[in-house]
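Please look at the sequence and the three-dimensional structure shown here before reading on. The report then takes up a few parts in turn.

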Amino acid sequence: RMYAPVNSLMNFGVDWIRSMSLFKRIFDYFDMEVEIKNSDNPIVLDKVEGSVEFKHVNFHYNEDRQILKDVNFELTPGKSIAIVGPSGSGKSTSINLIPRIYDVISGQVLFDGVDVRELDLAFLRRQIGIVSQETYLFNGTIKDAVIFSQTLSVVRCTTSRYNTVHIGLKAIHHSIYFITFCSPGQINITISHSQSFDISSFCQE
């Protein structure tokens, strides 16, 4: 009877030290200077088409290893493009340059004909949705996951959108419904299902 309480007290010190170390790392992260900033006069487009163009893009993390060299391609609205290559060839880096997770070293990334560095950063990132190969759904229902990133005002006015997404998901994955509960780590949800829900979370009406 004495062992368990004493053992808990002994472990408390370990947990305390570990927690303080984690908090220090968290606050160090928040104190980091923001490297990607808005231009002096950021642009907000009145109408968005969704075209993306890379013009003579060069990028590297370290100067001794070039990741992207003179990359050129154009993606027009309604079209798809596949970027293929071995690990470390710059596939994810290319995608991350569009919402300005990083900025190009030289060249331009254009969104609807405008350099992404000239666009308002919040506006630009609202126009882009990224679904990674490994997704994570928080503890809750599928509906919670779909509306997670939306504000309350958006949620109230987009019931038809959720009905549309619900019907689409039922047609593709008839055994999955909005009220389905997602367990931590998506134990009961396949990767393709979770990716579909991620796409649904930022698709437009």
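What follows is a short report on the whole chain and on some of its residues.

## How the model is read

This is a predicted model, in which local features need pLDDT of at least 70 and side-chain atom pairs count only at pLDDT 80 or more, whereas totals for chains, interfaces and linings use all residues. Residues are numbered from 1 along each chain as its sequence is written, and side-chain values use heavy atoms, with hydrogens and water left out.

## Overall layout

The protein has 7 helices and 6 strands; here helices (H or I, at least four residues) and strands (E, at least two) are DSSP runs, numbered from the N terminus. Read from the N terminus on, the order of these elements is α-β-β-α-β-β-α-β-α-α-α-β-α.

Of the 205 residues of the protein, 29% count as buried, where buried means under 20% relative accessible area, exposed means over 50%, and partly exposed is in between, with a 1.4 Å probe and protein chains only. The protein exposes about 14600 Å², and carbon and sulfur atoms supply 57% of this area; accessible areas come from the Shrake-Rupley method with a 1.4 Å probe, and for residues only the protein chains shown count as cover. A contact means heavy atoms within 4.5 Å, and among the contacts in the protein with a separation of 6 or more, 64% are between residues 24 or more positions apart.

## Confidence along the chain

The predictor's confidence in each residue is given by pLDDT, from 0 to 100. The mean pLDDT of the protein is 77, and 66% of its residues reach 70 or more. Among the elements, strand 3 (residues 106–111) has the highest mean pLDDT, at 96, while helix 5 (residues 152–157) has the lowest, at 40. Over residues 151–175 the pLDDT is below 50, and this stretch has 30 contacts in the model beyond near neighbours in sequence.

Ser 89 is placed in the loop between strand 2 (65–75) and helix 2, and Ser 94 is found in helix 2 (residues 91–97) itself. With a relative accessible area of 28%, Ser 89 is partly exposed, whereas Ser 94 is buried, with a relative accessible area of 5%.

A polar contact is a pair of N or O atoms within 3.5 Å; within protein, one must be able to donate a hydrogen and the other to accept it, and residues adjacent in sequence count only if both atoms are side-chain atoms. A polar atom of the Ser 89 side chain lies 2.7 Å from the backbone oxygen of Pro 86, and a polar atom of the Ser 94 side chain lies 2.8 Å from the backbone oxygen of Gly 90. Leaving aside neighbours within four places in sequence, Ser 89 is in contact with Ile 67 and Leu 68, and Ser 94 is in contact with Phe 54, Leu 68 and Ile 83. Although Ser 89 and Leu 68 are 21 residues apart along the chain, their C-alpha atoms are separated by 7.9 Å.

## Aromatic pairs

A pair of aromatic rings is described by the distance of the centres and the angle of the planes. Rings of Phe, Tyr and Trp (its six-membered ring) pair if their centres lie within 6.5 Å, and planes under 30 degrees apart count as stacked, over 60 as edge-to-face and the rest as tilted. By this rule the count comes to 6 aromatic pairs. One of them is the stacked pair of Phe 23 and Phe 27, at 6.4 Å centre to centre and with 25° between the planes. These two residues are separated by about one helical turn, because they are 4 residues apart in helix 1 (residues 3–30). Phe 23 is partly exposed at 45% relative accessible area, and Phe 27 is partly exposed at 49%.

How are the planes of Phe 59 and Tyr 102 set to each other, stacked or tilted? Their planes stand at 45°, with the ring centres 5.7 Å apart, so the pair is tilted. This pair links distant parts of the chain, since Phe 59 is in strand 1 and Tyr 102 is in the loop between helix 2 and strand 3, 43 residues apart. Phe 59 is buried, with a relative accessible area of 4%, while Tyr 102 is partly exposed, at 32%. Together with Tyr 61, Phe 59 and Tyr 102 form one aromatic cluster.

His 56, which lies in strand 1 (residues 52–62), has a positive phi of about 50° although it is not a glycine. His 56 is partly exposed, with a relative accessible area of 46%. Asp 112, another residue other than glycine, has a positive phi near 55°, and Asp 112 lies in the loop between strand 3 and strand 4 (114–115). At 18% relative accessibility, Asp 112 counts as buried.
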